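Open the model in your viewer and colour it by chain. The stops below say what to select next and what is there.

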Amino acid sequence: MSVQMGVKAKQYQTFIKGRQPGRPWFRNSARAFLSGGAICLVGQGVEELFVHVFHYTEKVASNPTVAVMVMLSVIFTGFGIYDKFAQWAGAGSAVPVTGFANAVASAALEHKTEGYVMGVGTNMFKVAGPVIVFGVVSAFVVGLIKYVLTMGS
Amino acid sequence: MLIGKQTWAFQNAPRVLATGTAVSQKEGKGPLGKDFDLIYKDPYVGQSSWEKAERKLLEQAEEKAVEKAGVTMEDVSVTISGDLLPQNITSNFAARTEGRPLLGVFSACATSMQAVALASLLVDTKAATYALAAASSHNSTAERVFRYPTEYGAQKPPTAHYTVTGAGAALIGLGATGPVITHATIGKVNDFGVQNPWEMGAAMAPAAVDTIVQHLDDTGRKVSDYDLIITGDLARVGLPIAQELLTQRGIDPAGRFTDCGILLFTPDEPDVFSGGSGPGCCACVTFGHLLRRVAQGELKRILVVATGALLSPISSQQNETIPCIAHAVSFEYRG
């Protein structure tokens with residue numbers, strides 16, 4: 001890029017500031033708060049169901065709860081509802097486990113046309129992959145810190 | 001014939017003899033719905049994949065244009081066509097079905113007017129008797145290539161575009177009726193440093209302005225010589241920016257300036273954000289709606305400025321800025 005173009009580009013960046021609608025931060029945050037909370041409330045309800053109706057201990061009940069929430073998310077993804085809900089909810093639908101399930105299920109659905117191995121198998125974690133990679137890396141780092149700090153005791 | 005720096009003036013009055021458009025239900029429900037030839041309720045268009053659906057739309061549009069002109073596909077000397085998919089598969093595979101010579105082209109969402117310009121040139125120089133200019137896009141194929149899986153829940157900002165599901169084709173030849181193609185201005189690639197792929201309106205506005213200014217310079221025309229100047233897909237964010245940039249250059253297009261991405265949908269349609277985009281957007285609105293109005297004499301002379309953002313998913317992940325292009329074609333009513 002020529003020097004002149006660089007200057008023009010800088011001027012243009014200043015020019016377009018305020019000429020584009022920004023993300024509605026407050027509205028997005030409020031919706032994320034409500035929808036994320038609502039998803040967690042449903043999750044809590046499911047967990048209570050497992051504890052009180054199926055007599056699971058509170059510790060064990062979280063496993064089938066996550067499974068139910070994942071299943072619900074996958075079903076809603078398949079019916080084409082989850083992405084519409086996510087446009088409204090933003091981070092509220094992305095942060096809970098249902099968001100992770102949607103990321104995996106949507107990628108799997110998308111690549112079904114390329115076959116089960118090279119399509120679904122290869123691409124299923126295309127969107128969710130970074131969550132796993134950096135989840136494992138940060139767990140390792142935290143574990144290492146904990147190990148060093150507790151070495152003396 | 002080259003006039004000025006970047007404009008071709010056609011000597012033999014090539015005309016748009018007929019057009020064909022095929023869109024999905026969302027576009028069909030919009031304010032221009034009645035102008036489209038075929039509207040498909042099923043986003044798969046009865047096919048087994050999104051890619052095949054887009055191809056079907058393109059084939060339908062091409063066949064419709066040829067049929068409406070009263071000729072057969074065999075009469076088409078050359079097809080000039082493009083889309084957004086890697087290796088232009090929609091155009092290439094549709095040409096396999098139609099069995100006519102193909103020139104595949106790409107300038108992202110500016111493809112439709114690139115195709116019209118080249119087709120007019122070939123007809124004008126008698127390198128083709130009938131040339132078919134076409135472009136297509138499909139929301140779900142474009143989402144997959146440029147963004148996320150279709151069903152992935154990601155919140156889009158208000159500056160985002162909605163890729164139009166639709167294909168448009170125009171049969172160009174020498175004839176007695178139909179809008180006359182008088183000039184085509186081939187655009188330069190402009191990059192004003194916009195990096196965010198969600199801000200394509202702002203990224204493409206300078207390219208549109210550059211081409212419009214060049215077109216007026218080359219032809220010696222004024223904005224008032226046109227009933228309408230229509231950009232491809234600057235949409236509700238980019239159009240006011242382009243208008244302001246033009247005003248800064250001493251050109252006031254007020255009242256004559258609009259955009260295909262805005263025209264295609266109702267303003268309160270929430271799922272389209274700032275407006276429509278994609279090669280199919282400018283193709284369907286121009287071929288389906290605008291040229292119909294020119295053919296009826298309702299508009300005497302228009303300038304269609306198709307705008308394209310020449311980014312790739314890789315270039316934007318590598319933090320490159322977005323180079324943009326705009327090609328302008330002038331259509332005229334002659335009774």
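**Stop 1: the domains of chain B.** Select residues 2–173 of chain B, which the domain assignment gives as domain 1, and then residues 180–332, given as domain 2. Bear in mind throughout that this is a predicted model. Taken over C-alpha atoms, the centres of domain 1 and domain 2 of chain B are 17 Å apart.

**Stop 2: where the two domains meet.** The contact draws 57 residues from domain 1 of chain B and 58 residues from domain 2 of chain B. Stay on the domain 1 side. Several elements of chain B each supply at least two residues there, and the helices among them are α4 (111–124) and α5 (139–146). Select also the strands β2 (7–9), β3 (15–24), β7 (130–137), β8 (162–163) and β9 (166–173) of chain B, which each supply at least two residues to this side as well. Which element gives the most to the side of domain 1 that touches domain 2? It is α4(B), with 7 residues. By class, this side of domain 1 of chain B holds 31 nonpolar, 20 polar and 6 charged residues.

**Stop 3: a helix pair in chain B.** Select α6 (residues 200–219) and α7 (residues 235–248) of chain B; their axes come within 8 Å and cross at roughly 40 degrees. At that angle α6(B) and α7(B) are therefore oblique to each other. The crossing of this pair, α6(B) and α7(B), is right-handed. To see the contact, show the side chains in α6(B), including B:M204, B:V209 and B:I212, and those they meet in α7(B), including B:I241, B:L245 and B:L246. The residues of the contact of α6(B) with α7(B) divide into 13 nonpolar, 2 polar and no charged.

**Stop 4: chain A.** Now select chain A, which has 8 helices and 0 strands. Along its principal axes, the C-alpha trace of chain A spans about 70 × 55 × 40 Å. Read along the sequence, the pattern of chain A is α-α-α-α-α-α-α-α. Chain A has a radius of gyration of 22 Å, well over the 15 Å that the globule rule gives for 153 residues, so it is more spread out than a compact globule.

**Stop 5: chain A against chain B.** Show both chains again. Their contact takes 28 residues from chain A and 21 residues from chain B. On chain A, select α1 (3–16), α4 (82–89), α5 (91–94) and α6 (97–110), which each supply at least two residues of the side that touches chain B. α6(A) gives the most to this side, with 7 residues. The residues of the side of chain A that touches chain B divide into 12 nonpolar, 11 polar and 5 charged.

Notes. Residues are numbered from 1 along each chain as its sequence is written. Chains are lettered from A and ligands numbered from 1 in the order in which they are written. This is a predicted model: local features need pLDDT of at least 70, side-chain atom pairs count only at pLDDT 80 or more; totals for chains, interfaces and linings use all residues. Two residues are in contact if their C-beta atoms, placed from the backbone, lie within 7 Å. Helices (H or I, at least four residues) and strands (E, at least two) are DSSP runs, numbered from the N terminus. Ala, Val, Leu, Ile, Met, Phe, Trp, Tyr, Cys and Pro count as nonpolar, Asp, Glu, Lys and Arg as charged, and the others, Gly among them, as polar. Axes are lines fitted to C-alpha atoms, for helices over the stretch in contact, and angles run from 0 to 180 degrees between N-to-C directions. Angles under 35 degrees count as roughly parallel, over 145 as roughly antiparallel, 65 to 115 as roughly perpendicular and the rest as oblique. A crossing is left-handed if the near helix is turned anticlockwise from the far one by less than a right angle, and right-handed if clockwise. Domain bounds come from an automatic or database domain assignment. The radius of gyration is taken over C-alpha atoms; the globule rule is 2.2 Å times the number of residues to the power 0.38.
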